[in-house]
Amino acid sequence: MGAEGNNLIVTHIPVMPQEVDHFLNCRPGQIILDCTVGEGGHASRLAEKISPGGTLIGIDRDGEAIEVARRQLNRFGESIKLEQSNFRDLREVIQSRGIEKLDGILFDLGVNSSQLQDPGRGFSFRADGPLDMRMDNREESQASDLVNRLGRKELEWIIREYGEERFAGRISRRIVEERASRPILSTTRLAQIVTDALPGRGKIHPATRTFQAIRIYLNGELDALEQALPEAISMLKSGGRICVISFHSLEDRIVKFEFRRWDRQEGMLRILTRKPVRPGIEEVRRNPRSRSAKLRAAEKL
Ligand SMILES: C[S@@+](CC[C@H](N)C(=O)[O-])C[C@H]1O[C@@H](n2cnc3c(N)ncnc32)[C@H](O)[C@@H]1O
């Protein structure tokens, strides 16, 4: 994980921090919800802006991330409230603290760098580890359960749908052949099977899309976002702002349509970003993980 001993080591670089500052426009005394607090990168900046007198509630479904965030945000004392939870349950999290309305909400989707870098978490195809990929390790199902138990057609659908992988058919066939001899239990074995199933090498590692697909499906990432967005928007005060950073076209589509629905049908949201905001060249150079990020923001009317 990202924190070692008493020395705090934060490995995650927040994406588009200035843009988040600009769109959330936080001020002292405000109540802010960070739905994906991760290692507390964005949250630290937001906590500075809402003090004195503000409250930041930080949610993450990953208990290890919450521990890193706790240390990272320790200096802000009682104004920070952290909770290991899935953001689809954000209404309960907020209301259980006696709060009804929020001034600002941030979603910074996907995985954090510690999750990717720790081989034991099983997210990375580069390092050998168990085929796990659970964001919340209290959940029962691991990636290896999907890979070894699902039917070929279902695997193909997941890899095509969530990985946007045109070779999903070949990959799923190869997985089913390989697991017949012995179960696929490690990240590097799955990465090798995927690599062998593909005709040639492209710009990205051949296993990138398949790993992404399995992670998104296993963790129910799109369903959680679909459930959380309307809850989040309904909990904003008039004039409150929401900002969502996504890393996958399916996530961005969900955000775009939900914002539009509240804008057109309900007339309750003003969209602040007609097109998604992308990181600048300099940021992508410094932090390559930011290259696929898209930020959308809106204000409650
Ligand atoms: C890109 S990181 C956030 C980084 C953070 N903004 C920072 O600056 O350090 C995404 C985080 O969202 C968490 N996450 C993903 N889906 C979630 C969900 N449905 N509920 C709660 N947390 C979730 C992941 O565990 C991960 O820590």
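**Figure 1. Residue classes in the shell around the ligand.** In this predicted model, the shell around the ligand comprises 9 polar, 7 charged and 7 nonpolar residues. Among the 23 residues around the ligand, those that come nearest are Pro14, Thr36, Gly38, Gly41 and Asp108. At least two residues of the shell are supplied by each of three elements, namely helix H2 (41-50), strand S2 (55-60) and helix H11 (221-234).

Figure 2. Seven strands form an open sheet with mixed pairing, in the order S3-S2-S1-S4-S5-S7-S6. Strand S3 (80-84) and strand S6 (269-271) are the edge strands, each pairing on one side only. From one strand to the next, the twist averages 15°.

**Figure 3. Pairing of strands S1 and S4.** Strand S1 (residues 31-34) runs parallel to strand S4 (residues 102-108), and the two pair over 3 bridges. Within this pairing, isoleucine 32 is located opposite glycine 104 of S4.

**Figure 4. Helices packed on the sheet.** Helix H3 (residues 63-72) packs on the sheet and touches S2 and S3. The direction of H3 makes about 165° with that of S3. Helix H11, which also supplies residues to the shell around the ligand, packs on the sheet through S4, strand S5 (236-246), S6 and strand S7 (294-300). The angle between the directions of H11 and S5 is about 150°.

**Figure 5. Domain arrangement of the protein chain.** The chain is divided into domain 1 (17-114 + 221-300) and domain 2 (137-218). Taken over C-alpha atoms, the centres of domain 1 and domain 2 are separated by 30 Å.

Conventions:
Residues are numbered from 1 along each chain as its sequence is written. This is a predicted model: local features need pLDDT of at least 70, side-chain atom pairs count only at pLDDT 80 or more; totals for chains, interfaces and linings use all residues. A residue is near a molecule or strand if its C-beta atom, placed from the backbone, lies within 6 Å of it. Helices (H or I, at least four residues) and strands (E, at least two) are DSSP runs, numbered from the N terminus. Ala, Val, Leu, Ile, Met, Phe, Trp, Tyr, Cys and Pro count as nonpolar, Asp, Glu, Lys and Arg as charged, and the others, Gly among them, as polar. Domain bounds come from an automatic or database domain assignment. Two strands pair if DSSP finds at least two bridges between them. Axes are lines fitted to C-alpha atoms, for helices over the stretch in contact, and angles run from 0 to 180 degrees between N-to-C directions. Two residues are in contact if their C-beta atoms, placed from the backbone, lie within 7 Å.
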